[in-house]
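This report is written for a reader who meets the structure for the first time. Please keep the sequence and the model in view while reading.

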Amino acid sequence: MSPRHNRPRGGETPDERPGAGLDRFGLERTEEYLGEEWKVRHVAGAAAAGKRYRCPGCDQEIPSGTPHLVAWPEYGGVDDRRHWHKACWNAKDRRTSRVQRSRNAPKY
C-alpha cells in the first residue's frame with residue numbers, strides 16, 4: 001500500500017481552496033449579516049468549561065463544553081460578541097426577527 005499524500009488534488013493554489021478567507025489559524029472569517037460585516041470565530045467549547053451562553057438564534061442555552069460560534073460586528077467591541085449554535089448561525093437569514101421563549105424556559 002502506498003503512503004497517504006496530504007496535498008491538494010487538481011492543482012489548486014492556496015487562494016483557490018475553500019476557506020481561503022480564514023485567518024492564519026483557520027478559525028475566523030468575515031460574513032455579512034443585517035447589512036454589515038461580522039467576524040465569526042469557531043469555539044471548540046473545551047476552553048469555555050463551566051460557562052453557559054444563550055444563543056440569540058434559538059434563545060436556547062449552549063451547554064458548557066459544546067462547540068459553537070462567536071460572532072460580532074466588525075467594528076464592535078467585546079460587549080457586542082454573541083455566542084451562536086452553528087446551525088442557528090447558518091439559518092439566521094431564514095428565521096423570524098423575534099424568537100419567542102416558551103413559558104418553561106429560563107428567564108436569564
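The sections below go from the overall fold to individual strands, rings and loops.

## Basis of the report

The model is predicted; local features need pLDDT of at least 70, side-chain atom pairs count only at pLDDT 80 or more, and totals for chains, interfaces and linings use all residues. Residues are numbered from 1 along each chain as its sequence is written, and side-chain values use heavy atoms, with hydrogens and water left out.

## Overall architecture

The chain contains one helix and six strands. Both kinds of element are DSSP runs numbered from the N terminus: helices are H or I runs of at least four residues, and strands are E runs of at least two. In sequence order, the pattern is β-β-β-β-β-β-α.

Of the 108 residues in the chain, 25% are buried. Here, buried means under 20% relative accessible area, exposed means over 50%, and partly exposed lies in between, with a 1.4 Å probe and protein chains only. Among contacts between residues at least 6 apart in sequence, 45% join residues at least 24 apart; a contact means heavy atoms within 4.5 Å.

## The four-stranded sheet

Four strands form an open sheet in the order β1-β2-β5-β6, with antiparallel pairing. The edge strands β1 and β6 (82-84) each pair on one side only. From one strand to the next, the twist averages 35°; the axes behind such angles are lines fitted to C-alpha atoms, for helices over the stretch in contact, and the angles run from 0 to 180 degrees between N-to-C directions. Strands of a sheet pair through backbone hydrogen bonds, either parallel or antiparallel. Two strands count as paired if DSSP finds at least two bridges between them.

Six bridges connect β1 (residues 28-33) with β2 (residues 36-43) in the antiparallel sense, and Glu 31 has Trp 38 in β2 as its bridge partner. These two strands form a hairpin with two residues between them, and Leu 34 in the turn has a positive phi of about 55°. Strand β2 is also joined to β5 by six bridges, again antiparallel, with Arg 41 opposite Val 70 in β5. Three bridges then join β5 to β6, which run antiparallel; Leu 69 stands opposite Trp 84 in β6.

## Strand β5 and His 68

Six of the six residues of β5 are buried, so this strand is largely enclosed by the rest of the structure. Both of its faces are covered: His 68, Val 70 and Trp 72 are buried on one side, and Leu 69, Ala 71 and Pro 73 on the other.

His 68 belongs to β5 (residues 68-73) and counts as buried because its relative accessibility is 2%. Its side chain reaches the backbone oxygen of Thr 66 at 2.8 Å. Leaving out residues up to four places away in sequence, His 68 touches several others, including Arg 41, Tyr 53, Ile 62 and His 83.

## Aromatic rings

A pair of aromatic rings is described by the distance of the centres and the angle of the planes. Rings of Phe, Tyr and Trp (its six-membered ring) pair if their centres lie within 6.5 Å; planes under 30 degrees apart count as stacked, over 60 as edge-to-face and the rest as tilted. By this rule there are five aromatic pairs. Tyr 33 and Trp 38 form an edge-to-face pair, 5.4 Å centre to centre with 65° between the planes. Trp 84 and Trp 89 have ring centres 5.1 Å apart and planes at 80°, so this pair is edge-to-face.

Ring pairs link Tyr 33, Trp 38, Trp 84 and Trp 89 into a cluster. Tyr 33 is buried at 13% relative accessibility and Trp 38 at 9%; Trp 84 and Trp 89 are buried as well. Lys 92 lies over the face of Trp 89, at 4.1 Å from the ring centre. A charge sits over a ring if NZ of Lys or CZ of Arg is within 6 Å of the ring centre and within 35 degrees of the ring normal.

## The loop between β3 and β4

Asp 59 is located in the loop between β3 (53-54) and β4 (61-62). Although Asp 59 is not a glycine, it has a positive phi of about 60°. Its relative accessibility is 14%, so Asp 59 counts as buried.

Pro 56 is found in the loop between β3 and β4 and counts as partly exposed at 38% relative accessibility. Beyond its neighbours within four places in sequence, Pro 56 is in contact with Arg 82, His 83 and Trp 84. Pro 56 and His 85 are 29 residues apart in sequence, and their C-alpha atoms are 8.9 Å apart in space.

How values were computed. Polar contact = N/O pair within 3.5 Å; in protein donor to acceptor, adjacent residues only side chain to side chain.
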